[in-house]
Amino acid sequence: MVLTWRAAVLMAAGVIPVLLWPTGGTVVAWALLVVVVCAADVALAASARRVEVQRYVPSSVRLGERTASRLVVRNVSERRLRGVVRDAWPPSAGAGEASVGGGPGRHAVDLPDLEAVRLTTTLRPVRRGDRPAGGVTVRTIGPLGIAGRQHTLPVPGRLRVLPEFASRKHLPSRMARLRELDGRAAVQVRGEGTEFDSLREYVVGDDVRSIDWRATARRGDVVVRTWRPERDRRVLIVLDTGRTSAARVGAVGSQIGAPRLDASIEAALLLSALASRAGDRVELVAYDRAVRARVQGAAGPRLMPAMAESLSVVAPVLLETDWPGVVGQVRERMSQRALVVLLTTLDPAAVENGLLGVVDQLTREHQVVVASVADEEVARMAAGRESSWEVYDAAAAARGNLERGAATTMLRRYGAEVIDALPDDLAPRLADTYLALKAAGRL
Amino acid sequence: MTIMYGTTSPGAAGPRAGGGPEEGPPVVVGGPARRGFPWKTAGWVALVVAAIGLFVFVLAFTRPVGSNVPFSTANADDDGGRALAQVLGDHGVTVHEVHTVRAAFDGASAGETLVITPHPAYFEPGQIEALTAVGADVVLLAPDPQLLDSFTDGRVEEWYAGPVAGGGPACAVPGARAAQDVRLEAGLTVTDGSGDTCWPAAGADGFAYVRVRSDDRWVHVIYDPSLIRNDSVLAGGNAALALWMLGAHDDLTWLVPDIFDTTMLDGPPGGSGGEDDGAGRPLPPEASAGSVLPQGAIPVVWVLALTGLAVAIWRGRRLGPLVTEPLPVLVRSAETMRGRARLYRAVRARGHAAAGLRASAAHRMAQRLGLARSADATAVTDAVAAATHRSTEQVAHLLYGPPPADDGELTELARSLDNLESEVHRS
């Protein structure tokens, strides 16, 4: 049962009879009258349970984009249904205000019996992951508008919020460089990591050393060989979802920033897009002490949707990452030489106790790239000179950076490439490293 | 928002928007069947009510055996008077403890003793008048000045004079002679020389005990109420004096004044007294709220209260349950750095802080100057000095000098290192 403001006004109107007959009996009589009127209104209101509700939700939406949840509400109560319908969503689904104020996803409805209405709630998610919908609450108000009924129907629904992939703006420039790599092959000193592509006519400027004399003799025209970077190399992206990935980076003032994992996901998406266009086979595994997500066997146009789908639900787990387990995963998936990208953190303590112990097992068989998300706040701390207070901060940051540098040096000594970049720079830096390795034929 | 009226079938109603994939429509007709009476909830409510009832019952029937009111005959603590009351009872004195002036007024009469222990605040004039009207012998323990004036007609005054000097009571009161030495504070003086004054204070003008005859009864005044306290009644001759005063008659009324006692505010009956109700509390008819408010105000207040209830129900009913959402943890990645900085600050670890700043600056400059990672201090110093045209000593002092002595020097060092580094990067 619900009351409206009219019930309160009706009760307050009791002041008039009470002033005319100032006794306790008048109060009781008026209160009883109000109760009877409310009960009658509730009895005459349409049933909040006898309603058919269908919910239409897009299966997925990219973070930052707008979508909508649609309800079709059909009145089967054999009475006129007047009231409010609320389409409930979690806060981070970003449901918009509808026709009724007081909160998101509220719609005023006025339905004759057996009629239906379509209600649209705009959604603008602010966070990656699955957003299960709440119930649909129907509040019907009686003909007097004084009281009514309310019931919440459990209408299942789920909206999957895919990663934003903001780093896709870097993709065109990196693709251009990839094509340059292709074209440069003819003039480049060929070596390991490049393969014979085709023969074409000599043009002025080509390296004379790449002239294929045998073909020239056959054609009677000067012909050069062209080379291109090797294709069908294998790339395994390992996403560390352990406790260090939960830390927030990019905090500005009271804004707490995004988890480190989100920056890693952006980098993973850009690298996958680039590598799949370059003809390499990309796999992904998200791991802390168990496999949290896995993408394998998807190629071409199916790769990126599969990536986005499986990365959308990956969340940081508050556990220490099991690095021997990571090595096991890599061995299981990669039998031949591959590019193994570890998206993690160069947290000195965590690296010393985990990654350093096993990185040599990986570098022996594979090309390893360790990509780490740095924090701008540390850089700001290191620059503080305003007071002795800030200088202590700066000293701590300087010490931390030295230790990070030492960990980097150790990893490089084992033959791993190390990238330590701010969240926004990590994805392009990782793409550049990939291109450089490809150009050098080190994949 | 799009609203479309008319009967629709799910297939026709399926909205197509934005080209996004749509999930199959889950259809719910009606809700779950109406549930019966919630016996489980009712059971919990009954259990809680029963628990509260039991608690109240236990509280009501297990009242503490003693009391913690100071000077009460039931109080066995240091500040109680139970020891004295029990000894008096053993010697055939009937002790009635009362807490209101009315009970004292009704209970004590001529040929009995009334002892008045110190009031937590003060007696009202009417109450003093009523107490003075009692015919019994009176023992006043540390009385407030108005009470003392009323009982002794202003002949006795209180003025602190210090502890009692040794050497006996120095008076002829029989009980005092029996008690010999008491351990009390003195501070009573008699203005007109009448009455008995015992136990003078050392050096000052004041006595611990004064007895005056007033209105055909004895009035004993004790300056120091610790005479009857459990913890000090056995000191010296205190007990003898107390037993002699309080045990003079077979009936003793023991008044422990209560700060909330409002009986006899208008003095003894026969004077200009008001009406009391059965509990001894005054109920003047003009005090009730209904009589001061205009006619019909009380029912209006009731209507307004019920309106408030209706508003509460209207505003308090939420439109459906809250939707919960698991949120990721909030840990700043710089938290460990900040923790280390706090540690440095907490112990004023200027040496460590300076070493960190210096090592970091030296590392960056060495990289900039293309020195090997293994380059030692001398090599770095020489290279930096050459790049900045500073003296080797100056650079060595900056990079490898002694730790700063205070926070100011630490800040100064940080700035100097910044300057040095900017010069290297410029070169």
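# Briefing: chains A and B in a predicted model

Five strands of chain A, in the order S1-S10-S9-S5-S6, form an open sheet with antiparallel pairing. Strands pair here if DSSP finds at least two bridges between them. This is a predicted model: local features need pLDDT of at least 70, side-chain atom pairs count only at pLDDT 80 or more, and totals for chains, interfaces and linings use all residues. Residues are numbered from 1 along each chain as its sequence is written, while chains are lettered from A and ligands numbered from 1 in the order in which they are written.

**The open sheet**

- Strand S1 (2–3) and strand S6 (106–111) of chain A are the edge strands; each has a single partner strand, so one side of each lacks a neighbour in the sheet.
- Strand S5 (residues 81–87) of chain A runs antiparallel to S6(A), and six bridges join them.
- Within this pair, Gly83(A) faces Val109(A) of S6(A).

**Chain A overall**

- Chain A holds twelve helices and 21 strands. Both are DSSP runs numbered from the N terminus: helices are H or I with at least four residues, strands are E with at least two.
- Of its 443 residues, 48% are buried. Buried means 20 or more other C-beta atoms within 10 Å of the residue's own, exposed means 12 or fewer, and partly exposed lies in between, with C-beta atoms placed from the backbone.
- Among contacts in chain A with a separation of 6 or more, 73% join residues 24 or more positions apart. A contact requires C-beta atoms, placed from the backbone, within 7 Å.
- Mean pLDDT for chain A is 88, and 96% of its residues reach 70 or more. pLDDT is the predictor's confidence in each residue, from 0 to 100.
- Over residues 185–189 of chain A, pLDDT stays under 50; the model has 13 contacts beyond four places in sequence for them.

**Nonpolar cores**

- The largest nonpolar core has 106 residues, and Ile237(A), Val238(A), Leu271(A) and Val341(A) touch the most other members. Such a core is a set of buried Ala, Val, Leu, Ile, Met, Phe, Trp, Tyr and Cys residues joined through C-beta atoms within 7 Å.
- Helix H6 (residues 260–277) of chain A gives this core the most, eleven residues.
- Another core lies apart from it, with 58 residues, including Phe71(B), Leu131(B), Trp199(B) and Val221(B).
- Beyond its neighbours within four places in sequence, Val341(A) contacts Val235(A), Ile237(A), Val238(A), Leu271(A), Val369(A) and Ala371(A).

**The A–B contact**

- Chain B puts 67 residues into the contact and chain A 91 residues.
- H10(B) supplies the largest share of the chain B side, ten residues.
- That side divides into 39 nonpolar, 18 polar and ten charged residues. Nonpolar covers Ala, Val, Leu, Ile, Met, Phe, Trp, Tyr, Cys and Pro; charged covers Asp, Glu, Lys and Arg; the others, Gly among them, are polar.

**Arg289(A)**

- Arg289(A) sits in the loop between strand S17 (281–287) and strand S18 (291–295) of chain A.
- Arg289(A) is partly exposed because 14 other C-beta atoms lie within 10 Å.
- Leaving aside neighbours within four places in sequence, Arg289(A) contacts Leu319(A), Asp322(A) and Gly325(A).
- Its C-alpha atom is 7.6 Å from that of Glu320(A), 31 residues apart along the chain.

**Annotated spans**

- An unreviewed UniProt entry places "transmembrane region" at residues 5–21 and 27–46 of chain A. UniProt positions follow the numbering used here, feature names are shortened, and annotations may be inferred rather than shown by experiment.
- Residues 5–21 of chain A are 82% helix and 0% strand, with end C-alpha atoms 26 Å apart.
- Residues 27–46 of chain A are 90% helix and 0% strand, with end C-alpha atoms 31 Å apart.

Conventions:
Two residues are in contact if their C-beta atoms, placed from the backbone, lie within 7 Å.
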